[in-house]
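Here's a quick briefing to read with the model open beside you.

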Amino acid sequence: MSTTDKTQNEDLSEKSDETTRNVGAQSSVNKQVELHEQAEGGEAEDNISSPTAEDKSADSQVYTATSLMLTTKKESSVKTHPLTLDWAFGINPALPVFSLLDQDRLAVLYVCSHVAVIYDHTSSSQHLLQGHCSPISCLCVSEDKRWLVTADKGQESVLIIWDSYTGIPVRTMFDCHPEGGITAVALSNDSRYLVTIGAGTVQRVCIWDWTNETEDPECQTDINPEYGFQNHILFNPTDSSQLLSNSGSRVLFYTWDKGIMEYSAPEISNKTFNKTVGRLSQSVFHSGGVQAFSVTMAGNLVLWDVLKGSATHQNKAMKATKLIPLQKNGITVLTLCDSFIVTGDLKGHIRFYDENFKLINWYSEFNLEAIASISFSKEIPSSSIEEYQEDCTLKTKPFVNRNFVLSTVSAAVVHVKAQGSVAQTLLKEHAESLEAVACHPKQPLVAMGSRGGLLKVWDYENKRVISSKVFHTDKQVQCITFDPQGFYLAVGFASGAVQILDPCTLQQGEESFHYSQDCITHLTFSHDSFFLATADTGMAVTVFHLCKEGSQHVWKYLGRHRSHYKPIQDLLFGVQLDSTQPRLISLGMDRRLVEYDLQNSKKDELLILSSDRIEQSAVPTCMAWYPPLTTEHFLLTASDLYKMKLFNVTTKMCRKTLLGPTYGTPVKKMLTLPASKDGDPSSRYMAYITQNKVGVHILPLDGNTFKSSALLCHPMGVSSLACSYDGRYIFTAGGMDKTVFLWEISFPALEAAAALGGKELIPFYTLIEGGRDGELFRMMEDLFYYCQLRNQGIDSMETRQVSTHIPLTEVPFVMRALGFYPTEQELEDMQNEVKFSRYAETGKYVTHIDLEEFIKLYVNHRPAFDTSKEDLFKAFHVLGVLNESGQLVMTREELLELLQSRGEPMTDEELAECLMTLPDLGVEGGRSETGTLHCKDPESLLESKLPPNITVDTFATDVLGFSSASQELPPEEGSSSSSMLSKAS
């Protein structure tokens with residue numbers, strides 16, 4: 001977890017703890033007021049100086065709130081965080097939607113990924129409830145719509161109770177079910193008790209009195225896995241000591257009292273009634289509290305009743321007494337509303353039954369997909385009976401009902417007004433994985449496309465849909481992009497097809513291409529909008545160009561080239577330095593940077609201009625054009641080793657290596673933000689995403705970690721990144737969570753956070769073990785000055801000339817002395833970085849380096865993390881073969897041959913010297929500072945010291961000298977062994 005994430009959680013926890021003390025006084029209904037006043041009264045008796053409950057409650061926003069006032073609350077104009085979540089596009093269709101307000105204002109509650117959203121449709125505004133680090137797995141609302149409960153299934157599972165009027169978390173409960181998180185949750189009718197079901201292999205049911213400060217449940221019980229995975233639970237509305245839950249095959253009935261919980265699992269199968277029952281979907285208690293109902297995917301209703309002779313308060317044995325075929329379609333939702341039993345089915349129909357299961361009314365004209373949830377308003381509309389439609393009984397009475405909100409499996413949310421049976425669609429979002437997002441280059445428009453074939457264009461300032469389109473032939477949208485002029489919107493599909501649309505109407509012209517059978521992963525336009533390039537999973541690049549035919553411009557296929565032998569990571573258009581002609585480059589997992597010859601390419605022949613290997617062991621992940629902050633022009637790349645590199649755009653020489661953001665996973669995509677029109681035009685910034693985080697970084701890059709900030713954006717993984725035309729907003733697409741988040745950037749907050757890290761070398765001292773006063777820094781100083789003496793001759797008796805610089809030729813020796821063993825290529829990159837650092841400005845080489853520059857060089861070039869056991873296993877997985885016992889093994893001869901022939905070949909003397917520095921292979925003598933290796937026969941030494949067959953464990957114990965491969969490798973020895981094995985692999 002990143003520092004930013006931890007800070008947010010700490011702030012949330014502190015806020016929750018503070019408000020939890022006032023929980024009982026925060027509601028004007030039910031028993032919570034009495035409970036809290038008693039608790040606070042007890043505290044006052046123990047501590048006379050403490051404020052009374054009334055004093056505390058008077059200052060509480062939760063206590064003073066009387067209705068939903070989220071939209072009237074004024075947001076602070078000063079942003080305190082570099083990134084603030086501003087809007088959530090999308091919905092989790094697997095979770096229910098709840099109606100919160102339904103009179104003067106219409107407000108609903110739903111979930112987007114790890115965020116709960118209170119959406120006020122009347123004012124077109126959202127209040128985002130943030131506090132989870134994993135996707136929300138379940139939620140519920142109290143009977144009076146005051147309290148909201150959200151929970152997740154993450155490793156650090158959290159349950160949060162919110163006040164719906166203010167959006168403030170009033171209680172946060174950590175690790176309620178550490179065995180796997182929470183799969184279902186419900187509140188009792190009086191909101192005092194909360195029940196949770198764990199998501200572990202053996203599910204646990206816990207009941208909590210959340211209105212007091214105890215951290216332990218009132219009672220709990222474990223469920224036999226034979227009864228299936230319980231995914232639905234609720235309290236008896238008339239008796240909080242009774243509950244029920246169901247899986248797809250069994251319904252469980254619970255009773256609890258005085259810390260003891262018991263449950264029964266009455267038998268239910270096709271043999272029970274000699275009829276097909278069907279898979280159970282949901283269950284409810286009858287409004288009278290004695291009977292219970294369950295509905296099935298076969299359209300049946302199971303009636304549960306109390307067995308005769310077991311009607312004691314705590315032991316009411318239940319039995320399935322009737323099987324009623326309600327309808328032909330499978331029933332997905334069951335709920336109660338006043339005296340009605342309400343169902344929703346696979347056909348999108350809603351039916352109302354009376355207590356005798358007689359059909360009273362139904363809604364079938366809304367053209368909906370399968371119903372996922374139904375939630376009724378808490379108020380009956382105050383209208384005359386004449387305004388209601390007649391029911392479907394013979395007496396044709398007015399059908400008086402509450403308004404309700406329903407959701408479907410296709411991510412639609414519909415509000416139904418009881419008077420006149422009017423349906424209004426509140427949301428229609430993506431029901432499949434949402435992979436693609438792109439911003440218009442000149443207008444506040446954002447396009448997003450999903451695997452379900454839905455493409456939508458939003459006006460993100462006014463929060464309204466401009467246009468939408470559903471693709472049927474080529475359904476799965478994988479990537480989208482606008483051209484720099486805003487004339488075209490290109491769409492790439494998983495089928496390999498490419499379509500070019502009008503960005504406003506989404507109408508398709510004749511520009512539809514299908515030159516690949518592989519999924520399109522990247523799309524990019526040239527700066528003049530005359531070229532369009534694509535990359536696909538077939539590791540090929542395809543180029544289209546705009547041609548003039550008569551008075552019209554049409555897109556034509558130019559050529560295609562399979563230029564990589566591993567997946568393509570990124571694809572970019574740029575501009576030639578000596579002209580305005582476009583240039584196209586691609587970057588692959590094969591570590592190659594390929595540039596294409598667009599000027600000389602012709603029909604069906606896409607030519608390659610150059611192909612350069614830019615990494616030795618790291619795998620590049622993405623690239624971007626570096627803004628012109630210096631006289632030299634650079635291409636910026638990121639790698640899986642948390643490093644960023646600047647390459648000269650002409651020579652492809654690595655000019656600088658920098659430590660990148662280290663927020664759990666490497667950077668997977670980045671883009672430079674447009675220059676600000678309001679602020680300092682010389683201040684530039686970069687946005688990036690990792691596996692599950694989004695961040696911003698101050699440019700120029702120098703390895704200062706305080707210049708970067710990141711937040712958790714999509715716990716299940718972020719798939720795409722886009723930036724608004726003015727650089728004010730960042731959009732992230734969550735892929736599997738079917739969500740796009742809009743983030744507002746605050747550059748002053750980012751600059752302020754960077755300033756807190758200190759100036760000049762202070763931020764870099766924090767990256768050194770022990771800091772400025774630590775042993776490593778003192779060693780650096782000693783080695784730095786010792787190199788000056790060494791350079792002037794160790795045995796010299798002349799007066800020494802000590803300065804603040806050392807020659808570049810000494811840098812490799814100092815690095816190795818500090819425990820960092822760079823490869824020859826890495827040493828060359830270091831020396832080039834310093835050597836050419838001022839060449840563009842002065843035309844002269846730099847031949848010496850001072851201590852400050854050396855510290856930056858060391859911090860940026862050394863590995864971001866120490867070598868781990870996973871690195872050792874990975875190397876053996878690549879180099880070794882399985883023996884008879886299933887272990888990965890290498891012979892001594894194979895290892896020596898690889899080290900002497902692959903990668904950067906090592907001689908016998910170099911290899912012997914390297915191995916002799918290790919604890920279990922070292923011999924007396926070795927090589928002195930100025931001498932040569934004291935070994936007459938290095939080859940015999942290697943054969944005698946290395947075991948004949950080398951496994952992971954023998955390499956760790958016999959070569960490296962550790963107890964086992966499971967032991968973490970210290971920096972010095974780990975870096976050396978990792979460097980040696982990386983050369984071979």
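Helices (H or I, at least four residues) and strands (E, at least two) are taken as DSSP runs and numbered from the N terminus. On that basis the protein has 18 helices and 61 strands. Keep in mind that this is a predicted model, where local features need pLDDT of at least 70 and side-chain atom pairs count only at pLDDT 80 or more, while totals for chains, interfaces and linings use all residues. Residues are numbered from 1 along each chain as its sequence is written, and side-chain values use heavy atoms, with hydrogens and water left out.

**Overall picture**

- Of the 985 residues in the protein, 55% are buried, where buried means under 20% relative accessible area, exposed over 50%, and partly exposed in between (1.4 Å probe, protein chains only).
- The accessible surface comes to about 43800 Å², and carbon and sulfur atoms account for 48% of that; areas come from the Shrake-Rupley method with a 1.4 Å probe, and for residues only the protein chains shown count as cover.
- Contact here means heavy atoms within 4.5 Å. Take the contacts between residues at least 6 apart in sequence, and 51% of them join residues at least 24 apart.

**Nonpolar cores**

- A nonpolar core is a set of buried Ala, Val, Leu, Ile, Met, Phe, Trp, Tyr and Cys residues joined through side-chain atoms within 4.5 Å.
- The largest one has 53 residues, and the members touching the most others are Phe-89, Tyr-110, Ile-730, Phe-731 and Trp-743.
- There's also a second, separate core of 30 residues, with Phe-764, Phe-784, Phe-820 and Ile-855 among them.
- What does Tyr-110 contact once its neighbours within four places in sequence are left aside? The list is Gly-90, Ile-91, Val-97, Val-115, Ala-116, Val-117, Tyr-119, Gln-126 and Leu-427.

**Val-437**

- Val-437 sits in strand β30 (residues 434-439) and is buried, with a relative accessible area of 4%.
- Beyond four places in sequence, the contacts of Val-437 include Val-446, Ala-447, Met-448 and Ile-480, and also Ser-720, Leu-721, Ala-722, Phe-731, Ala-733 and Val-740.
- Val-457 is 20 residues away from Val-437 along the chain, with 9.7 Å between the two C-alpha atoms.

**Cysteines**

- How many disulfides turn up in a search of the whole structure? The count is 0, with a disulfide taken as a pair of cysteine sulfur atoms within 2.5 Å.
- Cys-176 is in no disulfide, and its nearest cysteine sulfur, in Cys-206, is 7.7 Å away. Cys-176 is also buried, at 11% relative accessibility.

- Ser-601 belongs to strand β44 (residues 592-602) and counts as buried at a relative accessible area of 11%.
- A polar atom of the Ser-601 side chain lies 2.9 Å from the backbone nitrogen of Leu-607.
- Leaving out neighbours within four places in sequence, Ser-601 contacts Leu-558, Leu-606 and Leu-607.
- Ala-675 is in the loop between β50 (669-672) and β51 (684-689) and is partly exposed, with a relative accessible area of 34%.
- Not counting residues up to four places away in sequence, Ala-675 touches Pro-681 and Arg-684. Tyr-685, 10 residues from Ala-675 in sequence, is 8.1 Å away, C-alpha to C-alpha.

- For background, most residues other than glycine have a negative phi, and most peptide bonds are trans.
- The peptide bond from Leu-699 to Pro-700 is cis, with omega near 5 degrees; Pro-700 is in the loop between β52 (693-699) and β53 (708-712).
- Asp-338 has a positive phi, near 55 degrees, and lies in the loop between β22 (331-337) and β23 (340-345). Asp-338 is partly exposed at 41% relative accessibility.
- Leu-506 has a positive phi as well, near 60 degrees, in the loop between β36 (498-501) and β37 (508-513). Is Leu-506 buried or partly exposed? Leu-506 is buried, at 0% relative accessibility.

Technical notes
A polar contact is a pair of N or O atoms within 3.5 Å; within protein, one must be able to donate a hydrogen and the other to accept it, and residues adjacent in sequence count only if both atoms are side-chain atoms.
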